[in-house]
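Work through each task before consulting its solution.

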Amino acid sequence: MEEETLEKARALEEASLARIVEEFHPRIYRYYYFRTRSKEDAEDLTGEVFLKMVKSVRKQRGNFPAWLFKIAKNLLIDYYRKKGKEEVLLKTAEIETFPASDEKDIGEFTSEELRTLLGLLNAEQKEVIVLKFIEGYSNKEIASIIDRSEGAIKALQFRALTHLRDLVKSKRT
Amino acid sequence: MEKNLEEILDRCLKKMKEGISKEDCLQEYPDCAIHLEGLLDIARGIQEVSLPFPSPQGLATTLVKAGRAVAYQKGVSFRRIWAEFPFPSPVWVRAFTLTLLFILISWGTASFSRGSIPGDFLYPIKIISEKVRFFLTRNPEGKVELRITFSEERMSELIKSLEEKNSLDQDILFSMLEEAESTLEQINSLPQAQQPGHRSKLIHLQNYFQDNLKRLKVSVNPDEKEELDQAIKRCEEMRRMCQMMGGSSMKRMHQRMYEDAEEDTINDATVRKNAPWRCPPRE
């Protein structure tokens with residue numbers, strides 16, 4: 001994202017804000033897609049992120065994507081609070097949709113399957129997997145989004161991948 | 001061991017992102033290869049997963065909503081500043097703070113406007129604040145003092161304006177004389193005992209005006225000199241009128257002054273002899 005576009009967006013210039021929405025809308029949607037259980041909720045939350053962005057973009061400083069994902073993260077927390085439930089982990093037994101196939105490679109799955117698998121991870125592990133392997137952010141950027149150290153990100157990444165590997169193995173053997 | 005593995009896994013992921021194959025990475029860490037292989041496969045699998053995209057309607061809806069939010073934000077910038085202003089929370093404290101702020105701003109603006117002259121941005125504020133001061137003053141003697149102050153102020157403005165603009169501002173000259181005449185009327189409305197002191201001040205003021213106006217004559221254009229001469233004459237008339245007023249009404253004083261002027265019987269010396277406290281010696 002060019003600094004010039006960001007500066008114009010901070011001055012509430014509509015064309016620049018529209019460019020930002022177009023660029024980040026799919027990323028934020030994916031973030032919610034893997035964190036909520038319905039596509040509709042993911043779309044609604046994505047829309048809300050950009051409304052919040054417009055409201056507070058004048059004060060935005062520093063890394064823009066990290067700032068935007070922080071808004072997304074806070075909205076997700078509110079979403080679960082409003083619904084009166086925690087972002088609960090799925091029980092292994094709930095993963096009926098995950099196909100048990102010997103023929104498939106261990107790292108071969110669809111986005112729906114991945115979504116189901118991620119349902120078995122805790123909130124922080126999910127966050128690291130989505131931001132790092134789907135959105136391609138560095139450890140440093142993820143650390144600033146979720147307010148943890150880079151060392152903690154490496155540990156979360158290791159535990160999340162180990163958990164996923166064990167789950168996939170147990171389903172496919 | 002686990003800590004070590006976390007570090008090695010992260011290094012391998014970084015290398016794979018740079019384009020190095022999984023096998024090459026594992027060769028570098030043969031001791032950990034068994035643990036790492038499955039993890040790297042899962043990481044690669046996630047990266048290769050076909051990504052979900054929001055519906056075009058979803059994007060369009062967000063764009064429309066964001067556009068509305070921008071319009072709203074632009075429209076309510078004042079309300080936003082107001083809302084974000086760090087006022088103290090109880091309502092009465094907020095009201096008190098606002099009142100204090102209003103007073104400070106008004107006082108500050110009035111102070112800044114004091115040195116202004118006609119044509120300046122702050123000059124109307126100066127005139128308004130003078131009117132407000134006059135209106136708020138309930139004491140008749142205070143009102144006389146204010147009139148004298150305002151009249152002196154006009155004189156200063158006249159000098160300053162002539163220095164800056166190089167021409168005589170006839171409006172200021174006129175309002176200076178008007179102000180002085182109003183002062184005399186204001187003095188007449190005072191109780192008899194209070195009049196002589198104020199009248200004496202007004203005579204001093206007229207002397208001061210005449211001296212200044214005579215001095216200004218050298219700096220003005222020839223056609224403006226006539227204006228100054230008339231003003232000096234008016235000052236002199238007012239001074240004489242002041243001197244003649246003992247306790248009579250204004251109307252009678254006017255009448256008497258013109259009669260005396262015709263006969264030319266009144267002069268400073270006569271007045272000084274009859275009422276020395278009312279006519280200080282001229283400089």
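**Exercise 1.** Are Glu130(B) and Arg154(B) buried or exposed?

*Solution.* The model is predicted.
Step 1. A residue counts as buried when its relative accessible area is under 20%.
Step 2. Glu130(B) and Arg154(B) are both buried.
Step 3. Their side chains form a salt bridge, with an N to O distance of 2.7 Å.
Step 4. Glu130(B) belongs to helix α7 (residues 123-136) of chain B and Arg154(B) to helix α8 (residues 140-165) of chain B, so the pair ties together parts that are 24 residues apart in sequence.

**Exercise 2.** Determine which parts of chain B are tied together by Arg147(B) and Glu179(B).

*Solution.* Step 1. Arg147(B) and Glu179(B) form a salt bridge whose closest N and O atoms are 2.7 Å apart.
Step 1. Arg147(B) lies in helix α8 of chain B, whereas Glu179(B) lies in helix α9 (residues 170-188) of chain B; the pair therefore ties together parts that are 32 residues apart in sequence.
Step 2. Both Arg147(B) and Glu179(B) are buried.
Step 3. Elsewhere, salt bridges with shared partners join Lys22(B), Glu37(B), Asp41(B), Arg44(B) and Glu48(B) into one network.
Step 4. Over all chains, the structure holds 28 salt bridges.

**Exercise 3.** Compare the reach of helix α3 of chain B with its expected span.

*Solution.* Step 1. Helix α3 of chain B covers residues 33-48, that is, 16 residues.
Step 1. The expected span is 1.5 Å times one less than the number of residues.
Step 2. From first C-alpha to last, the helix reaches 22 Å, close to the expected 22 Å.
Step 3. The buried residues of α3(B) include Leu36(B), Leu39(B), Ala43(B) and Ile46(B).
Step 4. An α-helix has 3.6 residues a turn, so residues three or four places apart point the same way.

**Exercise 4.** Which residues touch the most other members of the largest nonpolar core?

*Solution.* Step 1. This core has 77 residues, and those touching the most other members are Tyr32(A), Met53(A), Leu161(A), Leu36(B) and Ile46(B).
Step 1. The most residues, eleven, come from helix α4 (residues 64-82) of chain A.
Step 2. Apart from neighbours within four places in sequence, Leu36(B) is in contact with Leu5(B), Ile8(B), Leu9(B), Cys12(B), Leu26(B) and Tyr29(B).
Step 3. A second, separate core has 29 residues, among them Leu173(B), Leu213(B), Ile232(B) and Cys235(B).
Step 4. In soluble globular proteins, nonpolar side chains tend to be buried together.

Definitions and conventions: Residues numbered from 1 in each chain as written. Chains lettered and ligands numbered in written order. Predicted model: local features only at pLDDT ≥ 70, side-chain atom pairs only at ≥ 80, totals over all residues. Heavy atoms only, no water. Salt bridge = Lys/Arg side-chain N within 4 Å of Asp/Glu carboxyl O. Helix = DSSP H or I, 4+ residues; strand = E, 2+ residues; numbered from the N terminus. Buried < 20%, exposed > 50% of the residue type's maximum accessible area, 1.4 Å probe, protein only. Core = buried A, V, L, I, M, F, W, Y, C linked by side-chain atoms within 4.5 Å. Contact = heavy atoms within 4.5 Å.
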